[in-house]
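Welcome! Please take a moment to look over the sequence and the 3D view before reading on.

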Amino acid sequence: MTAETIFTASLLVWSDGIQRPMPWKGERDPYKIWLSEIILQQTRVEQGLPYYLRFLEHFPNVFVLAAATEDEVFKCWEGLGYYTRARNLHTTARFIAESCNGVFPSTYEDIRALKGVGDYTAAAIAAFAYDLPYAVLDGNVYRVLSRFFGIATPIDVPAGKKAFAALATRLLATPSPARYNQAIMDFGALQCTPKQPDCSTCPMLGHCVAQREGIQHQLPVKSKNLLKKDRIFIYAVMQNGSNIIVRQRENKDIWRRLYDFPMREWVSTNKVPATDPQALFRFLFDNEVPEGLALERVSKPYKQQLTHQSITTFFVEITAKNDAIMLNSGRFLAENSILAEQFKLKKIYALPRVVDKYWQEKNLSLSLF
DNA sequence: AAGACGGGGGA
DNA sequence: TCCCCAGTCTT
């Protein structure tokens with residue numbers, strides 16, 4: 001038996017002996033499979049699970065999703081991250097409902113052409129929904145294959161991806177691509193884990209190159225190292241009675257299409273004058289604070305750690321004399337600022353995590369008095 | 001080929 | 001902190 005044969009055979013045997021229940025396992029409805037795969041991109045199963053269930057509740061089929069507004073879809077996605085996925089999900093739902101009569105594409109090429117569907121997701125849908133012979137290539141697969149076969153080629157460069165794709169395709173157990181794909185991802189998640197792989201109970205013990213050479217922790221190899229950027233956002237939380245100014249983020253920055261408050265980024269190398277509320281108030285308006293605006297207080301710093309950025313936010317709480325002054329001041333900071341009712345912040349507008357956290361704590365402390 | 005894009009959990 | 005997670009798209 002070749003190493004490749006041994007791999008596939010022992011993988012399938014292993015998968016019969018484990019349990020990893022997930023609501024989309026064994027699912028054949030391409031809509032549900034597609035939904036689960038989009039949600040699970042770069043997202044742990046435990047994190048995505050509640051979102052999957054909620055989406056299905058709100059949007060049980062592609063027509064309901066297509067008929068929803070973008071704000072509704074985003075509100076359901078709120079907190080999950082990588083928000084372009086939500087936009088693509090919505091766009092693709094409308095495409096399928098309107099241009100395909102609601103029938104999900106059933107060939108690899110047609111599935112792959114959908115917005116938000118890359119190589120991985122196309123293979124997953126093709127295999128799980130239609131049992132087509134396409135091997136998935138995700139983080140689990142890279143890890144498992146690089147270790148078992150002792151491949152030190154970086155997985156984050158095109159040449160590496162190509163090599164792994166060719167290998168993965170050879171390994172695919174053709175009688176049941178769905179079963180094989182499910183097995184290798186379960187194996188990566190449960191047995192051949194990133195940090196502390198459980199080699200002692202591994203069915204591939206003795207066959208795995210990394211285990212034999214004791215280099216499990218060195219594989220897979222990644223060539224790129226990421227740089228983290230520090231950023232400071234100063235938010236203007238302007239209120240007049242039950243009204244508040246919000247705006248939708250529209251540029252190419254993070255949190256595109258989510259809502260937050262008008263803001264200004266602190267780009268100076270100087271330290272933020274956090275203990276001087278007036279200074280932050282003036283900073284927001286270039287030292288020329290509009291008439292009719294009054295500073296109430298500045299929040300404590302709220303921090304948000306992201307993969308590529310470390311963001312610190314201060315919320316400058318301001319009361320306005322009337323709505324017009326408030327709206328004008330908001331537009332001074334962000335042209336598309338709008339007047340909104342406060343209660344809609346929780347009900348309608350999808351917020352970045354850090355803004356949501358601030359808003360929750362602020363209203364919690366208010367209700368105590 | 002390289003960056004950008006979120007947020008949570010584990011070590 | 002850093003790394004990783006059922007990756008994709010843009011530049």
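The report below covers the model, a strand and its partners, a nonpolar core and the DNA surroundings.

## About the model

This is a predicted model, in which local features need pLDDT of at least 70, side-chain atom pairs count only at pLDDT 80 or more, and totals for chains, interfaces and linings use all residues. Residues are numbered from 1 along each chain as its sequence is written, while chains are lettered from A and ligands numbered from 1 in the order in which they are written.

## Strand β1 and its partners

Helices (H or I, at least four residues) and strands (E, at least two) are DSSP runs numbered from the N terminus, and two strands pair if DSSP finds at least two bridges between them. Strand β1 (residues 229-240) runs parallel to β7 (residues 309-320), joined by 11 bridges. β1 is also antiparallel to β4 (residues 263-265), with three bridges. I234 faces F314 in β7 and R264 in β4.

## The nonpolar core

A nonpolar core is a set of buried Ala, Val, Leu, Ile, Met, Phe, Trp, Tyr and Cys residues joined through C-beta atoms within 7 Å; buried means that 20 or more other C-beta atoms, placed from the backbone, lie within 10 Å of a residue's own. The largest has 96 residues, and Y235 is among those touching the most other members. Helix α8 (residues 119-130) gives the largest share, eight residues. Domain 1 (3-218) and domain 2 (229-367) both contribute, so this core lies between them; the bounds come from an automatic or database domain assignment.

## Around the DNA

DNA strand B is surrounded by 22 residues, with G81, Y83, P158, I254 and R353 the closest; near means a C-beta atom, placed from the backbone, within 6 Å.

Conventions:
Buried ≥ 20, exposed ≤ 12 C-beta atoms within 10 Å, placed from the backbone.
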